[in-house]
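Please look over the sequence and the structure shown here. A short report follows.

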Amino acid sequence: MPYSPILMGHICAGTVGLLSGTAAMSFRKGSPRHVLAGKVFVASMLTMAVGAVYLAILRHQPSNIGGGTLTFYLIGTAWLTARRKDGEISRFDWVLFLIPLVLGILTWINGIKIVRSGATSQDGVPVGMTFFMGSVMLLAAAGDLRMLVSGGVLGARRIARHLWRMCFGLFIAAGSFFMGPSNRPFRLLSTVGLGQHLPKALFSTTLYLVLTILPLILLVFWLLRVRFTNAYKGSFQPPSATPELTR
């Protein structure tokens with residue numbers, strides 16, 4: 001299993017997702033380079049998420065099944081938000097709404113069970129992170145419900161919905177890669193014979209923590225800029241349209 005084609009495909013897709021996601025956040029929003037990097041990011045992240053769910057099912061890892069499903073949902077709905085017109089929704093959105101709702105409820109129930117058992121973590125994941133992720137899932141469900149009841153999202157709210165879901169999906173991928181068990185980046189580089197030739201500073205926990213939370217910092221930055229500044233002008237267009245959101 002450690003060197004199975006599915007696992008290698010999952011790792012490669014995740015690596016491409018991290019690189020393309022970083023590039024997408026660096027390029028001017030709506031520019032051709034941003035659109036291209038975004039398309040690569042979506043494709044690689046969806047592939048990574050499917051691989052994660054498949055591997056988690058084989059290994060009987062419920063938390064990873066939920067994490068992979070959440071990532072697929074976040075990236076998929078973020079992509080749909082960018083592709084649609086202002087106020088556009090479909091009946092399928094009611095099905096999508098159930099995903100974070102069910103995941104959030106199950107995650108909170110699991111967190112409560114962990115607390116009642118007297119443990120502080122499960123499978124290396126602190127119980128605080130379990131409640132945090134469960135809360136994010138429920139917030140995503142609340143956002144979906146609000147969108148459905150109001151008949152869609154418009155303008156800056158639509159961009160905000162697209163941005164936070166993309167950035168949080170990138171945060172999940174970064175956390176899985178950098179904060180995974182047994183120093184995952186070092187294992188990966190050692191497998192291809194590069195680990196021993198690189199400085200130890202590249203494998204420090206502090207560096208990995210910074211790289212993991214960086215998507216959350218960028219998420220807050222972009223949400224504040226979109227909602228409370230003049231960076232946003234006009235309607236949010238699909239990636240093929242004229243860019244209107246500048247850096």
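## A loop residue, a core and a helix pair

His60 is exposed, with a relative accessible area of 70%. This residue lies in the loop between helix 2 and helix 3. The model is a predicted one. Most residues other than glycine have a negative phi. His60 is not a glycine, yet its phi is positive, at about 55 degrees.

The next topic is the core. The largest nonpolar core has 31 residues, and those that touch the most other members are Leu18, Leu70, Leu74, Trp164, Phe168 and Ile172.

Helix 6 gives the largest share of the core, 11 residues. Leaving aside residues up to four places away in sequence, Phe168 touches Leu74, Phe132, Met133, Val136, Leu216 and Leu219.

How do helix 1 and helix 6 cross, and at what angle? Their axes come within 10 Å and cross at roughly 140 degrees. Angles over 145 degrees count as roughly antiparallel and 65 to 115 as roughly perpendicular, with the rest between them oblique; helix 1 and helix 6 are therefore oblique to each other. Their crossing is left-handed.

In this contact, Thr15, Gly17, Leu18, Gly21, Thr22 and Met25 of helix 1 meet Cys167, Leu170, Ala173, Ala174, Phe177 and Phe178 of helix 6. By type, the contact residues are eight nonpolar, four polar and no charged.

Note on methods
Residues are numbered from 1 along each chain as its sequence is written. This is a predicted model: local features need pLDDT of at least 70, side-chain atom pairs count only at pLDDT 80 or more; totals for chains, interfaces and linings use all residues. Side-chain values use heavy atoms; hydrogens and water are left out. A nonpolar core is a set of buried Ala, Val, Leu, Ile, Met, Phe, Trp, Tyr and Cys residues joined through side-chain atoms within 4.5 Å. Buried means under 20% relative accessible area, exposed over 50%, partly exposed in between (1.4 Å probe, protein chains only). Helices (H or I, at least four residues) and strands (E, at least two) are DSSP runs, numbered from the N terminus. Contact means heavy atoms within 4.5 Å. Axes are lines fitted to C-alpha atoms, for helices over the stretch in contact, and angles run from 0 to 180 degrees between N-to-C directions. Angles under 35 degrees count as roughly parallel, over 145 as roughly antiparallel, 65 to 115 as roughly perpendicular and the rest as oblique. A crossing is left-handed if the near helix is turned anticlockwise from the far one by less than a right angle, and right-handed if clockwise. Ala, Val, Leu, Ile, Met, Phe, Trp, Tyr, Cys and Pro count as nonpolar, Asp, Glu, Lys and Arg as charged, and the others, Gly among them, as polar.
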